[in-house]
Amino acid sequence: MIMQIRFLLLLFLCCLPPATGWAQSETDAPARSIDAEDMQAIRLDELARLLQKKTAQRTELENSLAGRSDPIPADKQKTLNNLNRDIGNLSDTFEMIALSNMDTSLLRGADVVTTDWRQDLLDILNPLIESLKSITKRPRQVAEARDTVFRSEARLQITRQAVSELEAIPAGTLDEEATLRVANLLSKWRDEQAQYEQQRLVAQAQLERLSEDQETFFEGIWPATRLFLLGRGLTLVIALATGFLTWALMRFLWWTYTTRFTTKDQRRNSTWFRLLEYSFYLVTILIIVMVTLVVLYVREDLLLLAIAFLLIVATALGLRQYLPRYVREARLLLNLGAVREDERIVYNGLPWQVMSLNLHTVLRNPALDGVIRLPLEVIGTLVSRPVKNNLWFPSNRGDYVILPDGTFGQIRVQTPDLVEISVKGGMTMTYSTQDFYGINLINLSRDKTFGVSVTFGFDYALQSISLTEVPETLRGDVQNALEEAGYGKHLEKLIVELASANASSLDFLIFATMSSDVASDYFKLNRLIQQTCVAAANANDWNIPFPQLTIHNASAEKSNTG
């Protein structure tokens, strides 16, 4: 009885929260040590008593069941199983407390079981799993211990209430059989209460041990960092360095082969060279992976081997899913697909020449300043055709053009995005390249020549000489005027002839074919020819008629006929 009271008193003291205050003196250390030893002795004594009691109950039950020919009743078998379970738990708890909560899990042998390929895969990945578990080992242990304390306290509350209910039953009002059953129930619930108290004490002891094992930052982080740098970190550095050296050696071998045994034309246009090049890249990747795995194997780093295995499997699965697309792109890279180098494609409404097929294909329009780069998946949706005297763009930089609305200007800049045109007065017009490509413009500079056309009318009084004297006179005057203005050497051809007989005039066509060098003077030439025609009319007394308008008077016509 005295031992039980002492045990309950110490249990109550353990449940109290730790006191706060000033730092304790060194003389308190022996007292704490003595209290810990007394607590261990009390726990061992109490557990030994419970074990003895449980063992006696099991022995008594087994003796009562010995020699029975009929099956053991279900309630008796359940009671025996519970006793065996309680004895096993109490034995483990006794050993744990006797060893001061030492972690002896490493001494337990693993059971030999038959496995399949799934289990073998888990064994391969086990270093990675164990590493992740070791990172969270202490937080998980603390959480499990706190959960055990919480559940034990909840169960203790239930057992205490049950014991209180049983103790409140007046023994004098019951017969002998009922009193015996109540006594048995009370003994059972008191045993359960003691067992849960032990579980709570063990969990609290584990929490105390974990709190004592907590290290400071410099005591815990720096040794772990140093261990990583000298162990797994060094392995990573060696693996990366070996992979880099392997890559450098393979690149040197490839450079030696391409510079000494192939020509520039072969490297650019040969299909077999492209096939050899991409095969070399694939072999280089495989060799680097193999060398890295060998380094990890020699260093015996199972965790990094497991991570490398996962990366390889993930890469293989990704390649399997995207293999059809990679096959199409490989055909393009080998210049065997629907788009080929140096051919013409149409992209976003503009023609382009394929300069080089690669992961980012370079497209160029010879008439535009700049290039564009497209990813290989976009190129795979296009189709090219051979280039045969194709017009890449309606103009070049510096050309003089006439737009559909009559605007005359010079091309200043044309890029894949914008076209800028300089018009008279120092102003600038801007078009998007796609819109400019689609308009119907007149380019005065594209060919070597351009034409200036003027239509000029004279009076019908010149009808008799309209096919002889008038065309010859105009041709001579226009040619002399062009020579005097400095355009004589740029005049390629001059045509002057009767074009049409209109209602009020005889219209003559003056068409001068000029060199493209004077395309900037297009309107000036037009005005010069007009002025020369007027001067010729003045010099020869040729009338320039006005447009005639005939008015029909219906009333006058009626009076004349009447």
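Modeller: Strands here are DSSP E runs of at least two residues, helices are H or I runs of at least four, and both are numbered from the N terminus. This is a predicted model, where local features need pLDDT of at least 70, side-chain atom pairs count only at pLDDT 80 or more, and totals for chains, interfaces and linings use all residues. Residues are numbered from 1 along each chain as its sequence is written, and side-chain values use heavy atoms, leaving out hydrogens and water.

Biologist: Which residue is the bridge partner of L498 in β12?

Modeller: L498 is bridged to F508.

Biologist: How should I read the pairing, and in what order do the strands of the open sheet come?

Modeller: In general, sheet strands pair through backbone hydrogen bonds, either parallel or antiparallel. Two strands count as paired when DSSP finds at least two bridges between them. Here the order is β10-β12-β11, with antiparallel pairing. β10 (449–458) and β11 (491–501) are the edge strands, each pairing on one side only. From one strand to the next, the twist averages 15°.

Biologist: Which strands does helix α14 touch?

Modeller: Contact means heavy atoms within 4.5 Å. Angles, from 0 to 180 degrees, compare N-to-C directions of lines fitted to C-alpha atoms, for helices over the stretch in contact. Helix α14 (residues 469–484) packs on the sheet and touches β10, β11 and β12, at about 145° to β11. Helix α15 (residues 522–539) lies across β10 and β12, at about 30° to β10.
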